[in-house]
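Thank you all for making the time this morning. I would like to walk you through one structure, going from the domains down to single residues.

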Amino acid sequence: MKIVYLDNNATTQVASEVLEAMLPYFHEYYGNPSSMHSFGGQVARRIREAREQVAALIGATPDEIIFTSCGTESDNAAIRSALATYPERRRIVTSRVEHPAVKSLCANLAGQGYRITELPVEKNGLLDMEQFVGSLTPDTAVVSLMWANNETGVLFPVEKAADLSHERGIPFHTDAVQSTGKIPIDMKKNMIDMLSFSGHKLHAPKGIGVLYVRKGTRFSPFLIGGHQEKGRRGGTENTPSIIGLGKACELAARHLDTESSAVTRLRDRLEEALLARIPQSRVNGDILQRLPNTTNISFEFVEGEGILLLMNEYGICASSGSACTSGSLQPSHVLRAMGVPFTMAHGSIRFSLSIYNTEEEIDFVIEKLPPIIERLRSMSPYWTSVAQACASV
Amino acid sequence: MWEYTDKVREHFLNPRNVGEVENPDGVAEVGSIACGDALKLSFKLDENKRIQEAKFKTFGCASAIASSSALTEMIKGMTLEEAQKVTNQDIAAFLGGLPEEKMHCSVMGKEALEKAIENYQGAPAKEPGAKIVCECFGVTDREIERAVRENNLTTVEDVTNYTKAGGGCGNCHDAIRQIIERVRAEAKPAATPKMTNIQKIRMIEEALEREIRPSLKHDGGDIELIDVVGNRVIVAVRGACAVCKASDITLKHFVEAKLRDLVSPDLIIEEVAP
């Protein structure tokens, strides 16, 4: 069965150019970049190039790039570094809609006596900036806000927020796992101190992440070991993945325009058609301040897992914020923070596209999904009365 | 992705008996849209008072739909007395099993069946005296008690998997823990069979290791099992306990009580003569 992959915020396909760039570094050029011999040294050279490619994508300098094992490690390293370098400050300011990599870490730190300010969001998922400014107390060690939300794609004004933090002498970290490679990022034009992202969201492999640390920012390493990454992250470099990530960043930089035009067009085509064909459906999150590739749509009175499994029968891959798929018994914390009613949250589906999706694939989903929703609604005890009410209006 | 059996998948993809029975004899609706699943069950009896027709409408995940479909298939042809004996485990077994985290779907089926029968018999829908324990999901103490009893649950997490209780804010975890202890205490007497001496020693050792030693060690003490003679458990206390004037009290009130609870209610603890 052909797979229609619309779950790119979960992970992406490794681009064939990326795979090709990586392959020689498993078996052929397996040297350790720290070695004195030229067999290892040649790998060090390739890592240097990769670091330049990564830096170029976000307008950074190569020495501001630290390679890590994943986005979660980068988030942990950034927040813990800020706490270590400002030991007298005991507060972290973050939001209610962060990824678990930040949210669970903060919950854990709260258990160790840190005070956590979790900023609420508005109905459209956006931050209340006045409330944000009010939260910036002198005892704040770090602000950590995601650039783009993984579930809704909603963008936080992190550059503005970083300015406001800086005015008050508070370091600013952003989890940019979802935004890097999808929207233009230029670290020369903002005051963000630390930025985390992950390779596998932009067509590099899983198991490679990046932490950007602005030159001059105080940094205390998370993984302590050898002198790799200038002593800022111990551990032998994951050479094939670093080289793959370099290539992926180069491709992402080249594709940024496609991402914002072609991908947006496909996403909008999908969204408009589904909303038009399926009654009692709506988009979660602000439709303007949003990633180009993401749409989160709720289909009222049906449950997300059923939708996913019926789409699965056609090879369509997406994800849901429903309770049954969240691993807990409550629907997604992001949708709840936005005040999405439970009737809507349980039936939410996230479609996240990539540059590899085609119009045929989108049309296939537009054709298959409405009967799936209709079928589940015909089984739902809530649907009949609502349908009747609507019909009588 | 959940590991569903082929039978669950099959009943989800091709659910039997979807809809509502016309002029039903019994009907019930359990769950709520806020909880994430809800089931409306209706049935009709034939002239011999057997279930002739049973239909469902379900809002919920694949396993909720499959459980509802399975339930309606199972009860067709049964008398109400037979249907009353169907447990949530029967529903799960019919489907070749459900993931632990999804057992509450089968419990929902059992509840709907019970309430639909009550509805036919004209009984009150809510059990008298039942009190809501989990506010988030509206689960009563009776429902938790029954799930613990019928499925032999031991932890709060189990209870959440089976009834959803405790899966929201978590405020009711202590109350759930108390219900588990109460139900398990009730179940105890019947479940203490005769033990051989070897079994008894093994269980005592295990109880000492798991339940008793950690607390003693916390205070710098330790305990060693010397012998078991009939119901007399002879021990030696070590470390801080050996010089502690309160160690008699610890032995009687803590160690003996624990062993009685965990191994056998007839045990008597004695300290070895120095």
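Let me begin with chain A, for which the domain assignment gives domain 1, made of residues 4–10 + 255–372, and domain 2, covering 16–252. Please keep in mind throughout that what you see is a predicted model. The C-alpha centres of domain 1 of chain A and domain 2 of chain A lie 27 Å apart, and across the boundary 22 residues of domain 1 of chain A are in contact with 23 residues of domain 2 of chain A. On the side of domain 1 of chain A that touches domain 2 of chain A, the elements giving two or more residues are helix H8 (239–277), strand S10 (294–299) and helix H11 (333–337) of chain A.

Staying with chain A, we come to its sheet. Seven strands of chain A form an open sheet with mixed pairing, and their order is S2-S8-S7-S6-S5-S3-S4. At the edges stand strand S2 (65–68) and strand S4 (115–119) of chain A, each of which pairs on one side only, and from one strand to the next the twist averages 20°. Within this sheet, strand S6 (residues 172–175) and strand S7 (residues 194–198) of chain A run parallel and are joined by three bridges, with Thr174(A) standing opposite Leu195(A) in S7(A). Helix H7 (residues 158–167) of chain A packs on the sheet, where it touches strand S5 (140–146) and S6 of chain A, and its direction makes about 160° with that of S6(A).

His203(A) is found in the loop between S7 and strand S8 (209–213) of chain A, and its phi is near 70°, a positive value in a residue other than glycine. As background, most residues other than glycine have a negative phi. Is His203(A) buried or exposed? His203(A) counts as buried, because it has 28 C-beta neighbours inside 10 Å, and the cut-off for that class is 20 or more. Pro100(A), in contrast, has 12 C-beta neighbours inside 10 Å and therefore counts as exposed. Pro100(A) has its place in helix H5 (residues 100–111) of chain A, and its C-alpha atom is separated by 8.5 Å from that of Thr72(A), which is 28 residues away along the chain.

Now let us turn to chain B, where the domain assignment gives domain 1 (6–121), domain 2 (132–191) and domain 3 (197–271). Taken over C-alpha atoms, the centres of domain 1 of chain B and domain 3 of chain B are separated by 49 Å.

Chain B has an open sheet of three strands, in the order S1-S2-S3, with antiparallel pairing. Strand S1 (26–32) and strand S3 (51–59) of chain B each have a single partner strand, so one side of each is left without a neighbour in the sheet. Neighbouring strands of this sheet are turned by 10° against each other on average, with direction ignored. Seven bridges join S1(B) to S2(B), and one example is Gly31(B), whose bridge partner in S2(B) is Ala38(B). These two strands, S1(B) and S2(B), form a hairpin with four residues between them, and Gly36(B) in the turn has a positive phi of about 100°. On to the next pair: strand S2 (residues 37–45) of chain B is joined to S3(B) by eight bridges, and Leu39(B) stands opposite Thr58(B) in S3(B).

Two helices lie across these strands. Helix H2 (residues 62–75) of chain B lies across S2 and S3 of chain B, running at about 175° to S3(B), while helix H5 (residues 103–121) of chain B lies across S1 and S2 of chain B, at about 145° to S1(B).

Which residues of H8(B) are buried? They are Ile176(B), Ile179(B) and Ile180(B), and because they cover an arc of only 100° around the axis, they sit on the same side of H8(B). On the other side of H8(B), Asp174(B), Glu181(B) and Ala185(B) are exposed. The cover over the buried residues of H8(B) includes strand S4 (132–134), helix H6 (141–151) and helix H7 (156–163) of chain B. In the loop between H7 and H8 of chain B we find Lys164(B), which has a positive phi of about 80° although it is not a glycine, and which counts as buried because it has 26 C-beta neighbours inside 10 Å.

Definitions and conventions:
Residues numbered from 1 in each chain as written. Chains lettered and ligands numbered in written order. Predicted model: local features only at pLDDT ≥ 70, side-chain atom pairs only at ≥ 80, totals over all residues. Arc of directions from axis to C-beta. Contact = placed C-beta atoms within 7 Å. Pairing = 2+ DSSP bridges. Axes fitted to C-alpha atoms, helices over the stretch in contact; angles between N-to-C directions. Domains from an automatic or database assignment.
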